Amino acid sequence: MNTIWSTYVQSIGTLYDSRVLRFSDMFKNKYTNVFRIDDKTKLLEIGCGPGALAESLVRWYPWVEIHGIDRDSNFIEFARKTAPHIEFTEGDATELPYKSNTFDVTISNTVAEHIEPAKFYGEQYRVLNENGVCIVLSARKGINISAQCIREET
């Protein structure tokens, strides 16, 4: 059981409420125009926290099977209670508990800044199908972390 983030860094309520606002339906068109994943059917949110982004994704893409994963047990417990129609799993972004080529899309919000890039992106590359889409959202301007597993032409 891992509760470090929810206990010492950011409470469930604070994180959930801030993400509900950040991913409000009033911004739906802005996000969906950038994401361009209308033809995809299976998505994994990495670092889903208490599930607010996953809930928005279900509303915006009702045909997509949404999964969420987070290391924090409290966040996963909250997400499962709040959105029982979404599959939430407790797990590590650097050792995703999914078979290779499982998802069409991976998405994360303010997670990449906290994880060694090769492990973070390498696992996403592994679980993504051919022609899969990796969406990384960051709230920090000027962050540019490169990983060997990412090439500019991809």
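Me: What makes strand 1 largely enclosed by the rest of the structure?
Reply: In this predicted model, 4 of the 5 residues of strand 1 (residues 42-46) are buried. Buried means under 20% relative accessible area. So strand 1 is largely enclosed.

Me: How do you know that strand 1 and strand 2 pair?
Reply: Pairing needs at least two bridges. Strand 1 and strand 2 have 5 bridges, in the parallel sense. One place to look is E45, which stands opposite G68 in strand 2.

Me: What joins strand 1 to strand 4?
Reply: 4 bridges do, and the two strands run parallel. The cut-off is at least two bridges, so strand 1 and strand 4 count as paired. Here E45 has I107 of strand 4 as its bridge partner.

Me: How do you know that strand 4 pairs with strand 5?
Reply: Strand 4 (residues 103-109) is joined to strand 5 by 6 bridges, running parallel. At least two are required, so the two strands pair. F103 has L128 as its partner in strand 5.

Me: Why are strand 3 and strand 5 called edge strands?
Reply: The open sheet has 5 strands in the order 3-2-1-4-5. Strand 3 (87-90) and strand 5 (128-137) each pair on one side only. Neighbouring strands of the sheet are turned by 20° on average, direction ignored.

Key
Residues are numbered from 1 along each chain as its sequence is written. This is a predicted model: local features need pLDDT of at least 70, side-chain atom pairs count only at pLDDT 80 or more; totals for chains, interfaces and linings use all residues. Side-chain values use heavy atoms; hydrogens and water are left out. Axes are lines fitted to C-alpha atoms, for helices over the stretch in contact, and angles run from 0 to 180 degrees between N-to-C directions. Buried means under 20% relative accessible area, exposed over 50%, partly exposed in between (1.4 Å probe, protein chains only).
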